[in-house]
Amino acid sequence: MELDQIIASHQHALSWIPRSHPAYTAYILLLATSRFKRYELSEQKEDLDKSIVHYTEAIFLPPSWGFYLNVVQVFFLLVVSLFRRSLDFRQLEDAKCAVEYLRHLRGLPLDTFEVPHEIVTLSLVQALAIQVELKAGGTHDIEEMMILCRELTSNNPGRYPANAIVAFAWAIIHRVSQKKQVQSLDEVIQCLRDALKTCLPSLHLVSLGLAAALVVRFRTTYSNNDYEEAMTLLENVIASNPPGESPIGTQTLALGTASKLRCLRANIYPNPEYLEEAISYHRTLLSSSSLDNDLRHSLTHNMAYLAKMRFNNFGLTEALLEAHSYTSEMANLASSLAVPGFDKVDAVRAVYPMTVVEEKIRNLRELISKTPPGDPNHNTHIEDLAGWLSTKFSRTSDIKDLEEVIKYRRMLRLSTDTSHPFWFQLALSLGDDLYTAFECSNEVVYLDESITLYRSVLEMPNSEAIRLRLIRPLVLSLVERFNLLSRRQDLDEIMPLFPMGVSDTFASMPDRFAFSCLWAFVTRGTRHPSVSVAYEKAMSLMQSSLISAPTLQMQHSQLVEMRELCDIMPLDYASYQIEMGQFTQAIETLERGRALLWSEMRGLRNSMDHLSRFNSPLATKLVAINQDLESLTMSVTPSGTIEISDGGSQVDDGTDPFGRLVVKRQKLLEERDVLMSRIQESPEFGDFLKTPSFENIRVAASHGPVVIINHSEWRSDILILVRDSPPSLIPTTKDFYRLANELKDRLVVARREGLDSDKYKRALRSVLEGLYRLVGRPVIDRLCALDVPEQSRIWWCPTSVFCSLPLHAMGPIPSDDGVKRYFSDLYIPSYTLTLSALAESRKSSPKMSYQPSLLLVANPDESLPGAFGEMKIIQSLNSRVPVTTLCGKNATPAGVVEGLRDHGFAHFVCHGTLETGKPFDASFKLFNDERLTLLDIVRSQLPAAEFAFLAACHTAELTDESIADEGLHLTAAVQYCGFRSVVGTMWEMADIDGREIAENFYKSMFSRNGEGVPYHLRSAKALRDATRKMRRKKGMTLERWVNFVHYGA
């Protein structure tokens, strides 16, 4: 009330004193000061406005005689009032005036006018901060504020003016949030570090400002030190909030910054541990009910992105569903709470109906028409319009919509400085739009502009973390233009880009592998000298891409995801090496590129006996790590449940079982790499566990020739590997590749009609005839030329489509006597997935006995009436070999695995099942419909195993979606877990054949003609003899005897 009276008194005095009166100026100043004081109490804007008017008027009046304020002091009070209005009412013009006036004041001799220089400098820092916050600051405002803060420090040794540093930090936070460049970043960081060290450790805004600056630098330097320092600052701010209480403003800001920083690191570094850490952090935060809406939306957006990244990295279906769930939640919350900015996300825009999309476009066009260029919101509206038009194009495919997107993004690019932190993203988006426009219109002008843009982005400094992302579209655009115009300079520009892209350690292994395949394809097509380097890089990255997936099923999914490349890359490289006359290298390449999953798992079971003699502690540690890795790799059950031991600890940190698996496996791999480096440093172990050389794998041909068929579109070849001689090449005809594909397709299509259909029988007959002409005749001729006698053992090591074709039964072979003969009549055929697997099956074992026992696993039911007869045949062998029967309730998965460990022979009489696209779920059907899956078999280790007969359907069949060269079927699994020889079936087995095939097989197996020969080496001939007897049976059809195949030694 006293102020009201004072103000009224001053107003009354002014009402009767003329302006020329010496006291008029004094009363104006008194009124201005009083109104400002009343504003501070009442916060009535009218008082502040009139105070500014009065101060302005006083400046232009003559000085009052004897009054204590001079004109500079009055001017300073005016500036203070303007600054206060800009601060309280966010008035941009006031902030601009305050900055301009304070800069002018700093140029005056303030001491003469008794205006404190420090207060003017502090006020300028604060005014600049407001200007930055209101998006009107110049590019050098942050740098100016830093210099002013340093000046304040030098003039006041031992202490920092807290208000100035807080304002400085706040400006940096806003500058970063606005995605604008921070000038003199290193000096800014050091300035804030000094502030914290000197006397402001408890000022959270300063910590947040320093953390924000470190985040900006981390985006360009990718320095782990910057990450750790920023995270420590943020965690200290977060920890200052008492447990259970809602976070206050600074802590909310710290939580949001910490979440974005974790996402950024997970995106930059292809380390799965970083991704899982970010996911668990976000889950923990989102489980809290005390988050404000803005933070919850931000975290939800991040979590959707992280879940999608998890799906892309591991193919985890649950992750994709989670990403969709978070995206929908984000869209719903953004819409219901009108949260600004969240419809900038493509995934959110995608959920809006077309009517909303078109309404957004209309509204933004109107906003742009009302917002002049130079206004801080002008570019924001243009960016939003381009985004919504892009969403519309994704639905309409109307190139007019795309042309508008290009138009607005061109405008944005031209009005955005290249120093802007997100300029490269804008240029990339425009480049992608232009490339899409070229694809839609085939107009080279779009392609030319996209190339120019991609080049400009690639030339930007500090682009290492996205190098492949920048190089790949540039290369694709240049390749398109080269194909169109045959410009040599385009090719010359392309070639140096390939090694840069494939060596990008910030990119994922699958992306690098895909790019290396493109490199190999382009170099071979253009006959560039780097073709071998490209192929070698692709082979290396293919294996690394596989290892990056944590479980066996996910490794298979990774291969399926890359199958278009994985299927052909090793075959194409081998074809090139054959073209160059490098036959042994071609065989090594095929060995490296086949059965990758089996090879990876076999590497975890390699013998360490030799290493133990050299360094027992290292060997023991490596065995332990390999066992842990194998356990983790096979830790997912067919139902999808992850089985992983947490050592009894259950920490609720937001990490799910899969996340714990990934983190644990990553640490084991790192430990293993360190051990392997130590081991391979020794000259004696330089090649320890590395890819076997030709000299090591040629022993696979020690018992007979191995016929390798390479099926490549570049050129297909047949190589015959014989002991103690160079590989023998059989060139093929130009139509070999096409004809082989036709044979496989013919068989697959006809099989859909049923094995008993006439169509299938005709197809199988024609396929066997076609195989003989395509493969059998040239192979038989070459075997004769190599002096390989008839009735010798022959192993087939096929690739691609030949993995599903019955090479062992090719024919009939023309003869003078008119008797039908097939390949298996001339030679004793077997199959092997790889040469290494064949060599491994021949290694001696101290536990292998010449009088092994036999385990009979049977599950007869109404659909298998012939099973009882087959069982009697097996049980009658008891006079020659001890037989243990697991039938009925004794035939459980656990019981069968345990029984296999104690028996050298095994014979299965039951149903075999396939799961399309899920090879590890292929299984034997046991008692009460329990399943012994391929994964169960792989998990077991059978030291005494010698031979297995899998008299069940589909045991050597590949599903439609399987990768042929991986050989993921039950027969291969049984061989992998320890059996040296295995008999399987290529398709359904006729129940009536079980008894007869078993009787004839074991009669040959145990005949005296084979005495002294290990049983597993007799099994191929025993199967050949048994199927020959089947053929003589009246009414026997091709598909029944051709069905049986032999794998292994």
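This is a predicted model: local features need pLDDT of at least 70, side-chain atom pairs count only at pLDDT 80 or more; totals for chains, interfaces and linings use all residues.
Q: Let's start with charge. Which residues form a positive surface patch?
A: Four residues form one: Lys-759, Arg-762, Arg-765 and Lys-820.

Q: Where does Arg-762 sit?
A: Arg-762 lies in helix α36, which covers residues 758–785.

Q: Is Arg-762 buried or exposed?
A: Exposed. Arg-762 has a relative accessible area of 51%. The cut-off for exposed is over 50%, so Arg-762 qualifies.

Q: New topic. How many salt bridges are there?
A: The count comes to 53 salt bridges.

Q: Give me one. What does Asp-47 meet in a salt bridge?
A: The side chain of Asp-47 meets that of Arg-38, at 2.9 Å from N to O.

Q: And is Asp-47 buried or exposed?
A: Buried. Its relative accessibility is 5%. Buried means under 20%, so Asp-47 falls in that class.

Q: What about Asp-141, which residue is its salt-bridge partner?
A: Arg-103. Their side chains meet at 3.8 Å, N to O.

Q: Another pair, please. What is the N to O distance between Arg-715 and Asp-717?
A: It is 2.6 Å, and the two side chains form a salt bridge. Arg-715 is partly exposed, with a relative accessible area of 26%. Asp-717 is buried, at 1% relative accessibility.

Q: Which cysteine sulfur is nearest to that of Cys-797?
A: The sulfur of Cys-803, 8.1 Å away.

Q: Why is Cys-797 in no disulfide?
A: A disulfide needs two cysteine sulfur atoms within 2.5 Å. The nearest one to Cys-797 is 8.1 Å away, so Cys-797 is in no disulfide here.

Q: Remind me, what is a disulfide?
A: A covalent bond between the sulfur atoms of two cysteines.

Q: Last one. Are Cys-797 and Cys-263 buried or exposed?
A: Cys-797 is buried, with a relative accessible area of 3%. Cys-263 counts as buried too, at 8% relative accessibility.

Note on methods: Residues are numbered from 1 along each chain as its sequence is written. Side-chain values use heavy atoms; hydrogens and water are left out. Patches are made of residues with over 30% relative accessible area and no salt bridge: like charges are joined within 9 Å, nonpolar side chains (Val, Leu, Ile, Met, Phe, Trp, Tyr) within 5 Å. Accessible areas come from the Shrake-Rupley method with a 1.4 Å probe; for residues, only the protein chains shown count as cover. Lys and Arg count as positive and Asp and Glu as negative; His and the chain ends are not counted. The place of a charge is taken as NZ of Lys, CZ of Arg, CG of Asp or CD of Glu. Helices (H or I, at least four residues) and strands (E, at least two) are DSSP runs, numbered from the N terminus. Buried means under 20% relative accessible area, exposed over 50%, partly exposed in between (1.4 Å probe, protein chains only).
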